Amino acid sequence: LLDRFGLHARITTIEDVAERVEIVRRRRAFDLDPCAFAEKWERAQAKLQRSIRAAQKRLPAVELSDAALLTAAQLCATLAIDGHRGELTLCRAAVALAALEGRPSAQPADVARVALLSLRHRLRKDPLETSGDDNRIERAVAELTV
């Protein structure tokens with residue numbers, strides 16, 4: 001079933017105490033006055049919305065470099081990813097990242113940056129593997145980009 005999902009974000013507990021305190025502060029501010037909270041963050045949200053809209057407009061013109069495509073295919077082959085959704089997702093996400101950052105083409109570095117989101121849930125699970133999925137992907141990315 002997870003194969004049907006393009007990207008997979010893993011939500012983890014933040015360990016940094018200062019960040020945890022800020023989370024609680026923001027949540028309390030929202031609970032006390034949701035309208036004021038939304039108003040405080042309205043400018044930042046509007047900026048993010050403009051950035052995403054601009055990226056959506058640029059997206060059709062962003063090229064997928066042959067080197068990025070080759071990196072995606074090699075990464076999936078190295079990690080023994082079943083099917084071709086891995087490559088498709090890596091390439092789509094790399095192009096979207098380049099569009100978001102205002103660049104004309106997606107490169108191997110973009111593939112590397114989206115690899116965890118794109119592939120973590122596509123790995124075959126090895127019960128004898130001592131390192132986590134993130135480490136397997138990071139090692140494979142490092143081997144391809146060295």
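1. In this predicted model, the axes of helix 3 and helix 4 come within 9 Å of each other and cross at roughly 140°, and the crossing is right-handed. On the helix 3 side the contact is made by Leu69, Ala72, Ala73, Leu75 and Cys76, and these meet Gly86, Glu87, Leu90 and Cys91 of helix 4.

2. The largest nonpolar core has 25 residues, and those with the most contacts inside it are Leu75, Leu79, Leu90, Val111, Leu119 and Ile137. At least two residues of this core are supplied by each of helix 3 (66-78), helix 4 (85-100), helix 5 (108-119) and helix 6 (133-145), with the largest share, 8 residues, coming from helix 4.

3. Valine 111 deserves a separate look: leaving aside residues up to four places away in sequence, valine 111 touches Ala68, Thr71, Ala72, Leu75, Leu90 and Ala94.

4. Is threonine 71 buried or exposed? Threonine 71, which is found in helix 3, has a relative accessibility of 11% and therefore counts as buried, the cut-off being under 20%. A polar atom of the threonine 71 side chain lies 2.8 Å from the backbone oxygen of alanine 67, while Pro108, Val111 and Leu144 are touched by threonine 71, again not counting residues up to four places away in sequence.

5. Turning to helix 1 (residues 17-32), its 16 residues should span 22 Å at 1.5 Å a residue, and because the end C-alpha atoms are 23 Å apart, the two values agree. At the start of helix 1, a side-chain oxygen of aspartate 16 comes to within 3.3 Å of the backbone nitrogen of alanine 18.

Note on methods: Residues numbered from 1 in each chain as written. Predicted model: local features only at pLDDT ≥ 70, side-chain atom pairs only at ≥ 80, totals over all residues. Heavy atoms only, no water. Core = buried A, V, L, I, M, F, W, Y, C linked by side-chain atoms within 4.5 Å. Buried < 20%, exposed > 50% of the residue type's maximum accessible area, 1.4 Å probe, protein only. Helix = DSSP H or I, 4+ residues; strand = E, 2+ residues; numbered from the N terminus. Contact = heavy atoms within 4.5 Å. Expected span 1.5 Å × (residues − 1). Polar contact = N/O pair within 3.5 Å; in protein donor to acceptor, adjacent residues only side chain to side chain. Axes fitted to C-alpha atoms, helices over the stretch in contact; angles between N-to-C directions. Left-handed = near helix turned anticlockwise from the far one by under 90°.
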